[in-house]
Amino acid sequence: MIVVCSQCTTRLQLDDAKLPSRAFTIRCPKCQNIISAQPPAANATEQGALAVGNSPALENPRYKQPTPAPAFNPESSDEADEGQSYAQSPSVDAGSIVQMLAALLQRGMPEKERQAVASRPAWERRRALVCVTPEHREAVARALAADNYHVFVADDATQAIERMREDHMDVVILEPGFDQLEQGAAFVTREVSIMRPAERRRLFFVHLVTSARTLDAHAAFVNNVNLVVNPVDIEILPQTLERALRDFNELYRDFNSVFRGAAVS
């Protein structure tokens with residue numbers, strides 16, 4: 001241990017093995033000044049922040065770059081590991097590009113030749129975000145993919161929120177037990193509730209709950225969602241959605257006609 005005299009700045013080298021365990025004083029041999037000193041803390045070097053190496057705080061998932069929910073790949077094998085069951089969004093083929101160009105050209109048509117309510121082109125698939133527990137995740141995603149939905153599956157609340165902010169979702173399916181550790185259901189519900197009214201009317205919000213019957217209008221009203229589905233009816237989820245979406249679009253048909261809003265389907 002090295003002690004520096006505060007009066008003459010003389011540096012004194014002390015033997016660590018002979019130092020007392022508590023505060024002590026020593027006389028400077030050069031100027032006779034009394035120096036007060038503290039013994040070094042045990043393992044001070046090892047306990048310092050710089051000696052730890054990689055900070056554990058940086059390993060927390062909160063500090064990782066958020067990524068949106070990936071697209072679901074229905075062709076993945078059932079034996080694939082979780083995390084490998086999803087793939088990137090499929091690229092748009094040449095036929096779809098031609099359809100999109102045709103739709104753009106039609107925008108130049110006279111207003112009277114347009115439909116009163118904007119409708120979804122036949123080539124554009126509905127986008128569905130699945131925010132459910134792992135128990136029902138695969139079944140819900142496969143049922144929607146089989147009905148030609150463009151399905152995105154969120155593993156946690158961060159992926160769900162990022163996907164909703166990156167792309168417009170036509171359907172969001174939420175289960176109350178989704179990402180319980182981070183209160184995922186609450187965050188997804190909040191994201192829906194803060195949408196502008198025009199955006200909210202173009203989103204069909206579905207709750208997957210065991211406490212209500214499928215198509216229970218009262219339960220849907222109480223939970224402020226458009227549709228309630230019981231997990232036992234996951235196999236008929238596409239048909240249930242089709243029926244509910246027809247009713248939903250019919251409800252807003254006149255409203256969309258006046259404001260030229262787009263229907264969900």
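A residue is called buried when its relative accessible area is under 20%, exposed when over 50%, and partly exposed in between, using a 1.4 Å probe and protein chains only. At 44% relative accessibility, Ile2 therefore counts as partly exposed. The model is predicted: local features need pLDDT of at least 70, side-chain atom pairs count only at pLDDT 80 or more, and totals for chains, interfaces and linings use all residues. Residues are numbered from 1 along each chain as its sequence is written, and side-chain values use heavy atoms, with hydrogens and water left out.

**Whole protein**
- The protein has nine helices and eleven strands; helices (H or I, at least four residues) and strands (E, at least two) are DSSP runs, numbered from the N terminus.
- Of its 265 residues, 35% are buried.
- The accessible surface is about 17200 Å², and carbon and sulfur atoms account for 51% of that surface; the areas come from the Shrake-Rupley method with a 1.4 Å probe.
- Taking contacts (heavy atoms within 4.5 Å) between residues at least 6 apart in sequence, 53% join residues at least 24 apart.

**Ile2**
- Ile2 belongs to strand β1, residues 2-4.
- Leaving aside residues up to four places away in sequence, Ile2 touches Arg11, Leu12 and Gln13.
- Ala37 is 35 residues from Ile2 along the chain, and their C-alpha atoms are separated by 9.9 Å.

**Helices α4 and α5**
- The axes of α4 (residues 157-166) and α5 (residues 184-193) come within 9 Å and cross at roughly 15°. Axes are lines fitted to C-alpha atoms, for helices over the stretch in contact, and angles run from 0 to 180 degrees between N-to-C directions.
- This crossing angle makes α4 roughly parallel to α5, a label for angles under 35 degrees.
- On the α4 side, Ala157, Ala160, Ile161, Met164 and Arg165 meet Gly184, Phe187, Val188, Glu191 and Val192 of α5.
- By class, this contact has seven nonpolar, one polar and two charged residues. Ala, Val, Leu, Ile, Met, Phe, Trp, Tyr, Cys and Pro count as nonpolar, Asp, Glu, Lys and Arg as charged, and the others, Gly among them, as polar.

**Positive phi values**
- Most residues other than glycine have a negative phi.
- Gln32 has a positive phi, near 65°, and sits in the loop between β3 (24-27) and β4 (34-37). Gln32 is partly exposed, with a relative accessible area of 44%.
- Leu215 has a positive phi of about 70° and sits in the loop between β10 (204-208) and α7 (217-222). Leu215 is partly exposed at 35% relative accessible area.

Conventions: Parallel < 35°, antiparallel > 145°, perpendicular 65-115°, else oblique.
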